[in-house]
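Colleague: I'm new to reading protein models. Could we go through one together?

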Amino acid sequence: MTVELAEQDIFDLVVIGGGINGAGIARDASGRGLKVLLCEKDDFAGHTSSASTKLIHGGLRYLENYHFGLVKHSLREREILLKNSPHIIWPLRFVLPHDRSLRSKWLIRTGLFIYDSLAPMHRLEKSSQVKLQQHAAGEALKSQYQHGFAYSDCWVQDSRLVILNVVAAEAFGACVLNRTRCTDLKREENYWWVTLDRHGDRSMLNGVCRIRARAVVNATGAWVGSMARDFHQNDSQQQVQLIRGSHIVVQKLFDHPYAFLFQTMDRRVVFCIPYERDFTLIGTTEMSWDRSNDQGEISDAEIEYLCQAVNRYLETTVHPDDVVWTFSGVRTLCGDDGTQVSRLSRDYTLRHDDSLAPIVSVFGGKITTYRLLAEDVLEHFRTLEGFNRPKWTHDGLLPGGDIGSNDVREYASLLSTQYSWITPDLASHYACHYGTNAHCILKNSAKFGDLGKEFSSNFFQAEVDYLIEHEYASFAEDIIWRRTRHGIRMSPDQISDLRRYMDSVLDFSGNSRVALNAGICS
Ligand SMILES: Cc1cc2nc3c(=O)[nH]c(=O)nc-3n(C[C@H](O)[C@H](O)[C@H](O)COP(=O)(O)OP(=O)(O)OC[C@H]3O[C@@H](n4cnc5c(N)ncnc54)[C@H](O)[C@@H]3O)c2cc1C
């Protein structure tokens with residue numbers, strides 16, 4: 001989409017930062033009829049919001065720190081998000097093997113009882129004790145682990161959650177700009193002057209422009225503190241710790257659909273989760289992050305730590321050489337340097353001022369709480385004219401979420417019936433990424449050949465065209481690491497091939513040069 005901005009443009013709200021929090025706020029505000037601009041300096045979901053463990057969860061471990069309020073509202077959100085995004089969020093059952101040398105059975109049983117009690121369980125199975133020798137998950141474990149516990153949480157396609165919030169915001173009329181950095185903020189009476197630097201190198205509209213905003217949200221994740229310090233709120237800084245967390249991905253370690261929660265010797269926990277059908281995701285670590293001397297990537301020591309954590313439990317041995325991909329993200333945790341990281345709350349804090357042109361800064365938070373956070377942010381602007389419209393996202397489906405079922409597998413079967421020529425794997429991929437918008441990719445095709453070039457297994461040109469047309473993708477990396485995770489299966493040659501294709505269809509302005517096979521989507 002081509003967007004031209006001018007100094008006379010006045011937005012009700014400018015949201016800086018296109019991670020899950022910024023995207024969620026932009027969607028909520030534009031759905032209330034406000035004139036909204038969302039800017040992201042890189043690609044949407046380009047940072048922590050695509051590097052999470054991908055769980056919509058209360059956080060069983062947070063109970064140990066007595067963070068009952070956070071767990072309770074997260075579990076409530078879990079139910080709401082599951083209902084509104086059934087194509088990209090689904091139930092995941094966890095198995096926690098009991099290790100006699102670590103937490104006692106009594107402690108775990110009590111924790112799970114509280115976890116279940118705090119949750120409005122409409123759809124998820126309650127926790128239970130399991131005999132591992134008689135349980136499908138038990139086979140992958142060392143024989144000394146005989147007892148365990150099973151409990152429920154949810155999986156989320158994290159970066160897709162961000163993109164779908166951005167798509168929804170734009171559908172409500174928001175101006176959404178990726179690769180656009182906010183470089184300056186100045187308050188002038190009732191307005192903020194917001195300077196935007198558009199630097200996406202495909203854009204002819206590259207350059208700097210200024211617009212005005214009646215209110216601003218600083219949702220810049222790990223940058224929130226520096227942004228606040230540089231441009232506003234000098235006297236209301238929040239003490240934070242920036243903590244880098246990393247994951248490793250290896251070829252699939254087990255065949256069952258359960259995820260494991262493993263306790264570690266340092267009293268942390270490590271998740272071991274079935275991932276992208278053929279892989280297993282293992283994480284996380286927690287390291288203090290200093291932007292000046294940390295590239296934000298996992299270290300060898302962390303890889304070793306994660307391998308050891310799973311090797312303690314699994315029959316198979318995982319070596320650092322088995323790692324096929326790693327990713328890292330940075331959490332902003334509210335608290336001073338003296339507090340132990342595992343004890344810091346994962347909840348969010350909003351800092352705001354009540355001047356005529358107000359600003360709210362978002363510190364911390366979880367993906368799980370993004371919808372609630374957006375409501376809270378807008379509550380702070382209630383006194384501004386036009387901002388006091390009712391909340392609505394509690395019942396708002398995300399784009400593609402109208403799959404008519406609570407089970408995305410049923411929707412994948414329906415797609416297989418409607419398009420009898422596609423394979424079950426491809427139907428499942430489209431269902432779990434696009435929900436009912438899968439029709440936009442498929443509707444002009446009657447056979448595989450109609451989907452165009454195949455870049456890698458189950459990855460066709462029709463999907464690329466759709467993502468360029470409807471989801472702001474302008475580089476191969478946008479598509480293979482954030483709109484999808486096809487990258488994990490692609491060779492360097494296949495990625496180069498995709499780059500060449502995108503160069504050929506995108507002109508310098510980031511607009512498509514040719515009619516793409518993506519159809520019109522409403
Ligand atoms: C390892 C790890 C695992 C996690 N796992 C989970 C989990 O399983 N479940 C869960 O609920 N939560 C999880 N979280 C927490 C969750 O991922 C984060 O709370 C959430 O992604 C933060 O979103 P955000 O929008 O605040 O930040 P970000 O995703 O970092 O987005 C901020 C954006 O602002 C942009 N930006 C910065 N400065 C500017 C500027 N000047 N102009 C324009 N844009 C700018 C950045 O480029 C960035 O994209 C995890 C976090 C980590 C680190």
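Here is our chat about this model, one question at a time.

Colleague: What is the mean pLDDT of the chain?

Modeller: Good place to start, since this is a predicted model. In this chain, 94% of the residues reach a pLDDT of 70 or more. The mean pLDDT of the chain is 91.

Colleague: Are helix α1 and helix α4 roughly parallel or roughly antiparallel?

Modeller: Let's find them: α1 covers residues 20–31 and α4 covers residues 158–171, with their axes 8 Å apart. They pack at an angle of about 25 degrees. Angles under 35 degrees count as roughly parallel, so α1 and α4 are roughly parallel.

Colleague: Is the crossing of α1 and α4 left-handed or right-handed?

Modeller: You can turn the model and see the two helices cross. The crossing of α1 and α4 is left-handed.

Colleague: How many residues of the contact of α1 with α4 are nonpolar?

Modeller: From α1, the contact includes Ile20, Ala23 and Arg27, and from α4 it includes Leu161, Val162 and Asn165. Of the residues in this contact, three are polar and one is charged. The nonpolar ones number eight.

Colleague: What distance separates the centres of domain 2 and domain 3?

Modeller: Domain 2 spans 89–153 + 240–343, and domain 3 spans 408–505. Their contact takes eight residues from domain 2 and eight residues from domain 3. Taken over C-alpha atoms, the centres are separated by 30 Å.

Definitions and conventions
Residues numbered from 1 in each chain as written. Predicted model: local features only at pLDDT ≥ 70, side-chain atom pairs only at ≥ 80, totals over all residues. Heavy atoms only, no water. pLDDT = per-residue confidence, 0-100. Axes fitted to C-alpha atoms, helices over the stretch in contact; angles between N-to-C directions. Helix = DSSP H or I, 4+ residues; strand = E, 2+ residues; numbered from the N terminus. Parallel < 35°, antiparallel > 145°, perpendicular 65-115°, else oblique. Left-handed = near helix turned anticlockwise from the far one by under 90°. Contact = heavy atoms within 4.5 Å. Nonpolar A, V, L, I, M, F, W, Y, C, P; charged D, E, K, R; others polar. Domains from an automatic or database assignment.
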